[in-house]
Amino acid sequence: MSRTVSRIAGLLPPSLRRAAAGAWLDAKSLPARVRDPVRRGEPWQTLHNVGGGDFARAGLENLELLRAYAGLTPDSDVLDIGCGAGRMAWPLATYLHPGAAYVGFDVSPKAVSLCRQRFSPVRPDFRFIEADVANREYRAGGQEPEDRYRFPVDDACIDVAFATSVFSHMTLASIRRYLSETARTLRPGGRFLFTGYALTPSRSEALARGEGRFAFRPWQEGSMVIDPRSPERAIAHPLPDFLDAVHAAGLTMADEVKLAGWLGPADYPGGQDLFVVRKPSAA
Ligand SMILES: C[S@@+](CC[C@H](N)C(=O)[O-])C[C@H]1O[C@@H](n2cnc3c(N)ncnc32)[C@H](O)[C@@H]1O
């Protein structure tokens, strides 16, 4: 979306803006859906917009990242934070063995109901849970504050957790809470992959010069947003703040942060920067 279209779209209420953008993505993907039988089964972005691109391929690419960086195996118990329309549940439905737990939660009732409809015939053991949590972009009327939400899973029962393109819609206070909840629910030695937009000094300078795919501008606590009226539309946070939040939650970085090509050189092909986090093993 061009910066001008993005600014005009910002005048709409978030749900309408996302549905309109979703309708545009659906129209653009129509020829590919007709040609490619795999893509015919993709959920419509008009119903719940999780972003453009090839839905099935993105899910498979993320599955490979989970295998490579988080040690995902077909027997892992997994937690999908902000599961959306099931982009990760889709490949996991065939990858995970029966008996391996999958729990996905999301603030969007529509996303959760789409996932239940889609996966209950093939993986009735997959659990999709609606989180009645306030997020100004995705659920303004949510009852629970995001920075106090308790994940709907027990302590230390998850091997691999992930949040793809979710922390890019959350404030630092909420991210701190979600990291500490992730730490609570991971088994010792368990891993967490998340993506977000990380600000380095050179990136902040480039943004000030008007470079990059997104028009991020200064907001609060050193974070930047593309739309101050709806900050959770897309938020970038300083890289040191992400790392401090990881450590404050009792987690450690298992690998270098992999920068994506949304601004400057890319370390890996993903659309957002990738963090690989580990819960220390018990002493
Ligand atoms: C861009 S979509 C990504 C969805 C999915 N992770 C994927 O990669 O396809 C962002 C998702 O995060 C969800 N979300 C936003 N805030 C959340 C929160 N505080 N807790 C759980 N889900 C949240 C939204 O409803 C939306 O489905």
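The following legends describe close-up views of a predicted model.

**View 1. Residue S15 in helix α2.** S15 lies within helix α2, which spans residues 14-35. With a relative accessibility of 51%, S15 counts as exposed, because the cut-off for that class is over 50%. M170 is 155 residues away from S15 along the chain, and the C-alpha atoms of these two residues are separated by 16 Å.

**View 2. The buried residues of helix α6.** Helix α6 comprises residues 109-119, and its residues A111, V112, L114, C115 and F119 are buried. These residues are on the same side of α6, since they cover an arc of only 160 degrees around the axis.

View 3. In helix α9, formed by residues 239-248, the buried residues include L239, F242, A245 and V246. Their arc around the axis is only 125 degrees, which places them on the same side of α9. D244 and A248, by contrast, are exposed on the other side of α9.

**View 4. The surroundings and the end of helix α9.** The cover over the buried residues of α9 includes helix α7 (172-185) and the strands β7 (186-199), β10 (235-238), β11 (252-253) and β12 (273-278). After α9 comes G250, which has a positive phi, near 85 degrees.

How values were computed:
Residues numbered from 1 in each chain as written. Predicted model: local features only at pLDDT ≥ 70, side-chain atom pairs only at ≥ 80, totals over all residues. Heavy atoms only, no water. Helix = DSSP H or I, 4+ residues; strand = E, 2+ residues; numbered from the N terminus. Buried < 20%, exposed > 50% of the residue type's maximum accessible area, 1.4 Å probe, protein only. Arc of directions from axis to C-beta. Contact = heavy atoms within 4.5 Å.
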